[in-house]
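User: I would like to go through the contacts in this model and hear the grounds for each label. Please show the structure and start with the terms.

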Amino acid sequence: MALCIPLPSCRFRHRPVRSSLERQELFGRIAPVYDNLNDLLSLGQHRIWKRMTVSWTGAKVGDCALDLCCGSGDLAFLLSEKVGSNGKVTGLDFSKEQLSIASCRQGLAPNACYNNIEWVEGDALQLPFSDGYFDAITMGYGLRNVVDKERAMQEMFRVLKPGSRVSVLDFNKSTQPFTNLIQEWMIDNVVVPVATGYGLAKEYEYLKSSIKEFLTGKELERLALQVGFSNARHYEISGGLMGNLVATR
């Protein structure tokens, strides 16, 4: 999919983006090989984690769902399969390059329900949607990278319907020293060397620092409750290397 020629920007809607320009440029640079690297670096396991993420939202046929920081669209496509042709999925990202690849994948996919997906260029800190608009929200590897995590959570809370859930997948900032050592070893000895082969060593070296600056599972739960969610639970997956926050409005 990474070899698809990006489709014209008219395939998705544009919104002003306030997020860090440096991060926008980073994700634009990695867009062409993003899918291939995900498969290589996780040995395909990211597909399982993403299905778990979508399942935790409780999305059902006919629902209106949002995938924040959608990248090349993996979670959006899975949400589309859940909500069906009568539902609607919006994939939002601040990277035109990632959205072009997602749109290209959509055009090549044989599944008719994928026609229910709309791609929107926008800012996770200032969502262009009305209050209580969505039945389910996913966010994969995005919360760790936004410049204001509390604001992002507030926006998710705002656009989510009462009783609905948000499911946030990301690297886990473990409180266990051994898990942290394994995570750092994998970044230094697997992630960066593989990314180097694609000429993207500097782009992936940021991972270690971004995880260190991220929130632990308990801190994510507290943040969700602080912005108004009625309950929140963080699940450690893949031996604690990954984590998923599930919060109900």
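Analyst: A salt bridge is a side-chain nitrogen of Lys or Arg within 4 Å of a carboxyl oxygen of Asp or Glu. By that rule, a search of the whole structure finds 10 salt bridges. The model is predicted, so local features need pLDDT of at least 70 and side-chain atom pairs count only at pLDDT 80 or more, while totals for chains, interfaces and linings use all residues. Residues are numbered from 1 along each chain as its sequence is written, and side-chain values use heavy atoms, with hydrogens and water left out.

User: What makes Asp-170 and Arg-144 a salt bridge?

Analyst: Their side chains meet at 2.6 Å, N to O, and the limit is 4 Å. Asp-170 lies in strand E6 (residues 160–171) and Arg-144 in the loop between strand E5 (134–140) and helix H6 (149–159), so the pair ties together parts that are 26 residues apart in sequence. Helices (H or I, at least four residues) and strands (E, at least two) are DSSP runs, numbered from the N terminus. Both Asp-170 and Arg-144 are buried.

User: Which residues do salt bridges that share partners join into one network?

Analyst: They are Lys-50, Asp-74 and Arg-105. Lys-50 is found in helix H3 (residues 45–57). At a relative accessible area of 6%, Lys-50 is buried. The C-alpha atoms of Lys-50 and Asn-244 are 9.7 Å apart, although the two residues are 194 apart in sequence.

User: How many aromatic pairs does the structure hold, and what makes Trp-56 and Tyr-235 stacked?

Analyst: The structure holds 8 aromatic pairs. Trp-56 and Tyr-235 are 4.6 Å centre to centre, with 15° between the planes, and the pair is stacked. Rings of Phe, Tyr and Trp (its six-membered ring) pair if their centres lie within 6.5 Å; planes under 30 degrees apart count as stacked, over 60 as edge-to-face and the rest as tilted. Trp-56 lies in helix H3 and Tyr-235 in strand E7 (residues 231–237), so the pair ties together parts 179 residues apart in sequence. Trp-56, at 22% relative accessibility, counts as partly exposed, and Tyr-235, at 24%, is partly exposed.

User: Why is the pair of Phe-157 and Phe-229 called edge-to-face?

Analyst: The angle between the planes is 80°, with 5.2 Å centre to centre, and the edge-to-face label applies over 60 degrees. Phe-157 is in helix H6 and Phe-229 in the loop between helix H9 (217–226) and E7, 72 residues apart. Phe-157, at 18% relative accessibility, counts as buried. Phe-229, at 3%, counts as buried.

How values were computed:
Buried < 20%, exposed > 50% of the residue type's maximum accessible area, 1.4 Å probe, protein only.
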